[in-house]
Amino acid sequence: MRAKRFFISTLKEAPADAEIISHQLMMRAGMIKRLGSGIYNYMPMGLRIIRKVEKIVREEMNRSGAVEMLMPVVQPAELWQETGRWQKYGAELMRIKDRHGRDFIIQPTSEEAITDVARQEIKSYRQLPINFYHIQTKFRDERRPRFGLMRGREFTMKDAYSFDRDIAGMQQSYQIMYDAYIRIFNRFGLQFRAVAADNGAIGGTGSHEFHVIADTGEDALVYCPTSDYAANMEAAEAVTLISERAAASAALTKTATPGKAKCEDVAALLGIPLQNTVKSIVLTVETEEKGQIQKQVWMLLLRGDHELNEIKVGKIPGLANYRFSTEDEIVEHFGTPPGYLGPINILPSKCPVKVLADRTVAMMSDFVCGANQVDFHFTGVNWGRDVAEPMVADIRNVVAGDPSPDGKGVLAIQRGIEVGHVFQLGTSYSESMKATFLDENGKPQFLQMGCYGIGITRILGAAIEQNFDAKGIVWPTAIAPFEVVLCPMGMDRSELVKEQTEQLYNALLAAGVDVILDDRGERPGAMFADWELIGVPHRVVIGERGLKEGNLEYQGRRDTEASVVPVQEMLAYLLEKLKSAALV
Ligand code: ATP
Ligand code: MG
């Protein structure tokens, strides 16, 4: 590619709405251009990266035995009504009407469309297993589109759907996809981690997310450096930090704690560790019975230094549709506003409050909690003696230093950006859409499904969050818009420079290298700044002075200095660099 015939449009400053570095750099490098909120033009420089990401994904999907197809962006509402997602998906689902007033959706994902194909096409167990995938535009009307391609409304996803005859087959298909994802993210040249994910209603180890490691990631990843335990914070199991409850040694005492509504403040006032305090969180679950709304109030107890894990709470029987109680509800049941709540002396009411303690809280003794009276806490609280034994569950977020649930070390936490998700679906879609096949005995069975997504466009943002410096982006070679840039100094003035540049350019093209020749005639400073911003991993400078000594200059994007390389050796030198980059 010659720069003059390409489209390069860089900016000194990022627009004000670009909050994170990847969004800023992509805008400055002219890779994307905003058309509307969460909707971007993929400019030529950006599209090259997207195509490289897609190519790697496609190659590895094909290698794994999946077959490519393409499902429509606009899909009839009927399919989504069949599975109930027309209602359930909520405001993220973009609904449109055609000229006849019929309802359609713009696909946020394609389970319905593929299950409709499968129920028509798959008749016999002989056709199984099969895995269909496509790389297609998605639309999700995100509540807060932001961070450029990271959380867009329109984006590109690779989504695959496997069909199997039984659960064992589905698990095998899942493993094949998991392995393909490992190959894909390795080939991108990104640091990533696969973690067990929250898998909604399915249970078991039916879901993993793939995260690009970056401090700016939205997700907290929990892992054990000395074992293979890794899970999203949402799903990571928190074990009790106290293996045996110590005997009570203090008397229950009501203590004045005026104005101290937070565990931290109470601990400071009493001169005790925060770990001796317990905080209370009040939830309400409303259910309808015979047209009457029934309210069940729950008090959840956490150690003062711990945080509630809202996903885990939603999985506890009876808490599926919980919400945080209002202040009025709290006063009604406990006689005090939040800040002074505790499990002792809960007001008698029509419906008893259910008390649920985190695993660690359940093992505490002589602890401090609110007295259900403004400006008072109890100290020396003990289970069994002062208050009935609570129900117990894992309801907290893991913290770094916790024991790993596999017993093989201590947990660490790092941040990640979710770029892929593999999921065992089972028969939820095939049952609601009646997608069956005939087994060996001629009996109809529901298809066992899996689904597997990769956020193609999000990868660009994630890769940059992991690879940038003060000058701009540092692309891993595999997904860089160009592998090599040639920067000739004064090509118009020097015949020698022109000739040598063209020669190297042609030799690189012939060797299959994705090279761009910067023939725009920019000043060296501006030229270098552009390519450093854009993040091309390998740069060659061709100048008359060097050429007279038979040399060119090479600089890798992460190198602090240029290296002098003899003209005749430059091609082999670059090919070697590219080869070792491909091995990373
Ligand atoms: P998130 O929790 O980030 O909203 P999700 O769980 O909704 O993601 P999936 O439905 O599993 O995502 O979609 C598969 C992949 O598509 C994700 O792993 C992510 O890489 C990508 N993706 C999802 N939403 C967006 C978006 N709004 N913009 C860009 N990529 C997205
Ligand atoms: Mg989402």
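Guide: Helices (H or I, at least four residues) and strands (E, at least two) are DSSP runs, numbered from the N terminus. This is a predicted model, in which local features need pLDDT of at least 70, side-chain atom pairs count only at pLDDT 80 or more, and totals for chains, interfaces and linings use all residues. Residues are numbered from 1 along each chain as its sequence is written, chains are lettered from A and ligands numbered from 1 in the order in which they are written, and side-chain values use heavy atoms, with hydrogens and water left out.

Visitor: In which helix does Ser430 lie?

Guide: The side chain of Ser430 has a polar atom 3.3 Å from the backbone oxygen of Thr427, a polar contact (a pair of N or O atoms within 3.5 Å; within protein, one must be able to donate a hydrogen and the other to accept it, and residues adjacent in sequence count only if both atoms are side-chain atoms). Residues 428-432 form the helix that holds Ser430, namely α11.

Visitor: Does Ser430 count as buried or exposed?

Guide: Buried means under 20% relative accessible area, exposed over 50%, and partly exposed in between (1.4 Å probe, protein chains only). The relative accessibility of Ser430 is 0%, so this residue counts as buried.

Visitor: Is Leu70 buried or exposed?

Guide: Leu70 has its place in the loop between β3 (67-68) and β4 (74-76). In space, its C-alpha is 36 Å from that of Lys312, and 242 residues separate the two in sequence. Because its relative accessible area is 57%, Leu70 is exposed.

Visitor: What is the relative accessible area of Thr326?

Guide: The loop between β16 (322-324) and α9 (327-334) contains Thr326. From Thr326 to Pro337 there are 11 residues in sequence and 9.7 Å in space, C-alpha to C-alpha. Thr326 is classed as partly exposed because its relative accessible area is 39%.

Visitor: How many residues of helix α12 are buried?

Guide: Helix α12 spans residues 456-466 and is mostly covered. Its buried residues include Arg458, Glu465 and Gln466, as well as Ile456 and Leu460. The count of buried residues in α12 is 11 of 11.

Visitor: What share of the residues of the protein chain count as buried?

Guide: The protein chain has 16 helices and 31 strands. Its C-alpha atoms fill a box of roughly 95 × 70 × 50 Å along the principal axes. Of its 584 residues, the share that count as buried is 52%.

Visitor: How much of the accessible area of ligand 1 does the protein cover?

Guide: An oxygen atom of ligand 1 is 2.9 Å from a polar side-chain atom of Arg140, and an oxygen atom of the ligand is 3.2 Å from an N or O atom in the side chain of His421. A polar backbone atom of Val419 lies 3.3 Å from an oxygen atom of ligand 1. Accessible areas come from the Shrake-Rupley method with a 1.4 Å probe, and for residues only the protein chains shown count as cover. On its own, ligand 1 has 580 Å² of accessible area, of which the protein covers 80%.

Visitor: Which element gives the most to the shell around ligand 1?

Guide: The ligand is surrounded by 14 residues, where near means a heavy atom within 4 Å; Arg140, Glu142, Arg151, Gly152 and Glu418 are the closest. The elements that give two or more residues to this shell are β8 (154-164) and β21 (412-426). With 4 residues, the element that gives the most is β21.

Visitor: What space lies in the largest cavity?

Guide: On a 1 Å grid over the protein atoms alone, a cavity is a set of points where a 1.4 Å probe fits but cannot get out, and lining residues have an atom within 4 Å of a point. The search of the whole structure finds 1 cavity of 30 Å³ or more, and its volume is the space filled by probe spheres set on the points, which are joined across faces, edges and corners. Residues including Lys471, Trp531, Arg539 and Asp559 line the largest cavity. The space in the largest cavity is about 100 Å³.

Conventions
On a 1 Å grid over the protein atoms alone, a cavity is a set of points where a 1.4 Å probe fits but cannot get out, and a pocket is an open set with protein on both sides within 12 Å along at least five of seven lines; lining residues have an atom within 4 Å of a point.
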